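Open the model in your viewer and keep the selection tool at hand. The tour goes stop by stop.

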Amino acid sequence: MLKKTSYNISTLFGLGFIRFMPGTFGSIVGLLSGFLILKHTFLEFFILQLFFTFIISTYLLKVYQEYTNKKDSSDIIIDEYIGQQVPFIFLDITLSNMIMFFLFFRFFDILKFFPANFIDRKYKNCMGVMLDDIIAGIQTTVLIYIINNFLI
């Protein structure tokens with residue numbers, strides 16, 4: 001049962017096995033989930049659920065990595081799901097912001113600027129897999145904050 005649960009969470013119920021851009025699909029699910037959770041709850045609940053999702057998913061990712069012997073394969077997309085939700089904590093939910101959430105998160109997630117690239121190279125365990133996407137979410141947040149407050 002633990003193996004099946006770790007498979008479902010790590011791959012977002014098999015979505016990670018889509019051959020074309022599985023990380024992008026994980027980000028889309030994260031974006032839509034973040035929007036829906038915040039639309040129907042409040043920020044404190046969102047932060048709490050994101051924290052617990054991170055903790056539980058990190059453990060289940062560890063289980064998945066151990067039984068599949070995969071370190072950071074493309075089928076693991078729970079990290080994109082969580083990282084994509086980071087900007088929701090700090091920025092207003094508007095259509096333009098959500099478009100930027102998605103585009104800039106994918107940009108930072110794919111290119112992996114420091115310190116995400118350091119973590120991605122150095123740590124192939126469950127924490128490394130999760131943290132480089134959390135950093136991409138933080139970098140996305142900072143860039144959108146700058147755009148919204150100093151450039152527009």
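Are Asp-109 and Arg-106 buried or exposed? Select the pair: both Asp-109 and Arg-106 are buried. Keep in mind that this is a predicted model.

**Stop 1: the salt-bridge network**

Show the side chains of Asp-109 and Arg-106. They meet in a salt bridge, 2.7 Å from N to O. Both residues sit in helix H5, three residues apart, so about one helical turn separates them.

Lys-112 forms a salt bridge with Asp-109, and here the closest N and O atoms are 3.2 Å apart. The side chains of Lys-112 and Asp-132 meet in a salt bridge at 2.7 Å, N to O. Lys-112 lies in the loop between H5 and helix H6 (116-122), while Asp-132 lies in helix H7, so this pair ties together parts that are 20 residues apart in sequence. Lys-112 and Asp-132 are both buried.

Display the four residues together. Arg-106, Asp-109, Lys-112 and Asp-132 are linked in a network of salt bridges. The count of salt bridges comes to four.

**Stop 2**

Why does Lys-112 count as buried? Its relative accessible area is 17%, and buried means under 20%.

Move along to Pro-115, in the loop between H5 and H6. The peptide bond from Phe-114 to Pro-115 is cis, with omega near 5 degrees. Both backbone features stand out because most residues other than glycine have a negative phi, and most peptide bonds are trans.

**Stop 2: the largest pocket**

Turn on a pocket surface. The largest pocket has a volume of about 190 Å³. Its lining has 16 residues, and the closest to the centre are Asp-72, Asp-79, Glu-80, Asp-109 and Lys-112. Two of these names return from the network: Asp-109 and Lys-112.

Which helices supply at least two residues each of the lining? Colour H2, helix H4 (78-90), helix H5 (95-111) and H7 to see them. The largest share, three residues, comes from H5.

**Stop 3: the loop between H1 and H2**

Select Thr-11, in the loop between helix H1 (2-10) and helix H2 (22-40). Thr-11 counts as buried, at 0% relative accessibility. What is Thr-11 in contact with, leaving aside its neighbours within four places in sequence? Show Gly-16, Phe-17, Tyr-64, Asp-75 and Ile-77.

Step to Leu-12, in the loop between H1 and H2. This residue, other than glycine, has a positive phi near 50 degrees. Leu-12 counts as buried, at 13% relative accessibility.

**Stop 4: across to Thr-41**

Select Thr-41, in the loop between H2 and helix H3 (43-68). Thr-41 is partly exposed, with a relative accessible area of 31%.

**Stop 5: the nonpolar patch**

Select Ile-138, Val-142, Tyr-145, Ile-146, Phe-150 and Leu-151: they make a nonpolar surface patch of about 630 Å². Pick out Val-142, which is in helix H7 (residues 126-151). Val-142 is partly exposed, with a relative accessible area of 47%.

Conventions:
Residues are numbered from 1 along each chain as its sequence is written. This is a predicted model: local features need pLDDT of at least 70, side-chain atom pairs count only at pLDDT 80 or more; totals for chains, interfaces and linings use all residues. Side-chain values use heavy atoms; hydrogens and water are left out. Patches are made of residues with over 30% relative accessible area and no salt bridge: like charges are joined within 9 Å, nonpolar side chains (Val, Leu, Ile, Met, Phe, Trp, Tyr) within 5 Å. Accessible areas come from the Shrake-Rupley method with a 1.4 Å probe; for residues, only the protein chains shown count as cover. Helices (H or I, at least four residues) and strands (E, at least two) are DSSP runs, numbered from the N terminus. Buried means under 20% relative accessible area, exposed over 50%, partly exposed in between (1.4 Å probe, protein chains only). Contact means heavy atoms within 4.5 Å. On a 1 Å grid over the protein atoms alone, a cavity is a set of points where a 1.4 Å probe fits but cannot get out, and a pocket is an open set with protein on both sides within 12 Å along at least five of seven lines; lining residues have an atom within 4 Å of a point. Grid points are joined across faces, edges and corners, and a volume is the space filled by probe spheres set on the points.
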